[in-house]
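The stops below are meant to be selected one after another.

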Amino acid sequence: MMRDNDVKKRIQQLREDINRHNQSYYQYDAPQIPDADYDALMRELQALEAENPSLISEDSPTQRVGSAPLDSFQQVQHDVPMLSLDNAFDDDEFEAFDKRVRDRVALANKVEYLVEPKLDGLAISLLYTDGIFVRAATRGDGKTGENVTENVKTISAIPLRLKGDNLPKTIEVRGEVFMPLSGFERLNRDAVRLSEKPFANPRNAAAGSLRQLDSKVTAKRPLAFYAYGIGVLEAFQMPKTQHDLFELLAGWGIPICDQVSVATGVEACHQAYQRLAEKRAMLPYEIDGVVYKVNDLALQQSIGFVSRAPRWAIARKFPAQERMTEVMGIDVQVGRTGAITPVARLVPVFVGGVTVTNVTLHNEGELRRKDVRVGDTVIVRRAGDVIPEIVSVVLEKRKSNAPIFDMPTECPVCGSAIERIEGEAVARCPAGLFCQAQVKESIKHFASRKAMDVDGLGDKIVEQLVAEGLVKTPADLYGLKQQQLCALDRMAEKSASNLIAALEKSKTTTLAKFLYALGIREVGEVTANSLANHFGQLEALQQATTESLEKVPDVGPIVAQHVVSFFELAHNREVVSSLQNLGVHWPDVSCVSESDQALAGKVFVLTGTLSVMGRIEAKEALQSLGAKVTGSVSKKTDYVVAGEEAGSKLKKAESLGVTVLSEEDFIELIGEQQGALQSV
Ligand code: 9MJ
């Protein structure tokens, strides 16, 4: 039997050892002892605490193993708004920012900045009262976040009790939760081994881990944290600079990134940026740029902030990332309209923030131009959210016998002779719905979110349904029976009945969505919407001539011809009427003439993250009011709706003098217009 004093000492020792091992494991991915030994230490500590409940402390590692799952996250109001950052995309934009700072505070001298790496994770707020961790919340929309306390407790890098005696009554520490690269790679290796879907990038992995209702799951995820600021601070003297603040936080045991530096004036800032860009590939975590912050906290205060971003800080993103990898094979895919696309299969490579395994080579011309061959070493680039591409082949590494890749002359799926039309880059399989690949793709398109939005009809299910001959046209989907679905791979009874219910629900749609779902060539969402608004009824559209179609905004001779050809085919007319007979229906839009629509003809661009409505919903709301939503900003754009972290499109709108709406302005506008319509 241990004496009380010995028990206390042993508990203390175990806590220190376990904390140290947690740090080695999660932060440095360098475990110092085997898992079994670690488990033994943890069990010993748990047993001692169970026998001596008075010795349990809130900061014991036993408190980090997760607790009972929640039903949902509670909301948390941020008393001090949690801001995000504006971006500078080049030196000029940063220099313009620096000038604005100097003008605002009438500073003739150079400004002193703290240069921090920009971590790619999830912003989080940590509340400490009398040094004890009491609550963690996500940023959410900056005003209201989600309470993720139970999950954050499991992150061993975050202290549950601050060190030292001179502590504030209340402090809200803000920073980024992220997943170090080694932990991310380990997590994905495990996912692949267990046939689970790997995460696309460390950011998604961190966000997915933190938004778990079951904190026991979060406890197993290798998350880390760096602080970058504070929100609420009570009964404590504010330090003088951002740098001093970092030192203060570090002294209390809060993790701070060790790559920060002070730079005075733009030249020194550019150098600090360059230094970090060069170090980037060596860092054990993903960074996507640097953040410059005015170092003097009193100056920060006087400069203030606008809507969601401080005026005293700016993020400068790194340019596209490039990495080398190998081409394992080249496949040829057949798309929904028969387009034949060569795709390079790569040895997976983590580049520009995601793991890339396939890269499209677009068409034969592109394949020839780049001369990509199986076995080649290639440079892959991915910038921002742009799809990855092969920049070039590293010819020095090519094996002398690597054969040129020949495009097939026959469709790899149905065997039809591939057609190449003069002047068109794309080769096509002309077999249409006699080609199983095109049937599969048309069904996937029909069911997709922006089309009929059939929840739960994933690609794998569609592939089985078509391969088994259960579905030949979209209309067949609505005749599927529970038993047929249950016979498919990985389809439990519950999922089958959910899918039947989702199909039923999808029958209530809009004419625009239905037209888009039909997959008529060149009829994307915007055109489908224009057609629906113009014709009002399907019957009118089906009978339209090319001349009348060309009167629709956006519709030129090619689109008009595709629409006419589509409805000329008896097969297509039959599918459309079967769908209607099976109950697919939409509200009549013919009663509102185009010019009556509140936003008729107005061109909108949505950019950044829209947190209240979401992109798809916002787009639908605009389209229902007759507006057109496009992807790029030009002189023709009437409004740009800029959500959180809006980037280059917002800049372009500002430079062209296009009206910019915040998300709140936009919601107000939609509300007013919808209200106006209802009262007509
Ligand atoms: C990141 N993501 O690393 C800020 N951030 O400061 C750093 N984010 C930030 N600072 C104010 N280093 C708002 C966001």
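**Stop 1: a strand pair and its sheet**

The model is a predicted one. Now extend the selection to strand β7, residues 170-178, which pairs with β8 in the antiparallel sense over eight bridges. Helix α8, residues 242-251, packs on the sheet and touches β7 and β8. The direction of helix α8 makes about 105 degrees with that of β8.

Next, show the whole sheet. It is open and has four strands in the order β5-β4-β7-β8, with antiparallel pairing. At the edges are β5 (132-138) and β8 (224-234), each of which pairs on one side only. From one strand to the next, the twist averages 25 degrees.

**Stop 2: Thr377**

Move to Thr377, in strand β17, which covers residues 377-382. Is Thr377 buried or exposed? Thr377 counts as buried because its relative accessible area is 12%, under the 20% cut-off. Beyond its neighbours within four places in sequence, Thr377 is in contact with Met324, Thr325, Glu326, Val393, Val394 and Lys397. Select Arg398 as well: its C-alpha atom is 6.9 Å from that of Thr377, although the two residues are 21 residues apart along the chain.

**Stop 3: the domains**

Finally, colour by domain: domain 1 (4-63), domain 2 (77-317), domain 3 (322-397), domain 4 (507-591) and domain 5 (594-679). The centres of domain 2 and domain 4, taken over C-alpha atoms, are separated by 49 Å.

Key
Residues numbered from 1 in each chain as written. Predicted model: local features only at pLDDT ≥ 70, side-chain atom pairs only at ≥ 80, totals over all residues. Heavy atoms only, no water. Helix = DSSP H or I, 4+ residues; strand = E, 2+ residues; numbered from the N terminus. Buried < 20%, exposed > 50% of the residue type's maximum accessible area, 1.4 Å probe, protein only. Contact = heavy atoms within 4.5 Å. Domains from an automatic or database assignment. Pairing = 2+ DSSP bridges. Axes fitted to C-alpha atoms, helices over the stretch in contact; angles between N-to-C directions.
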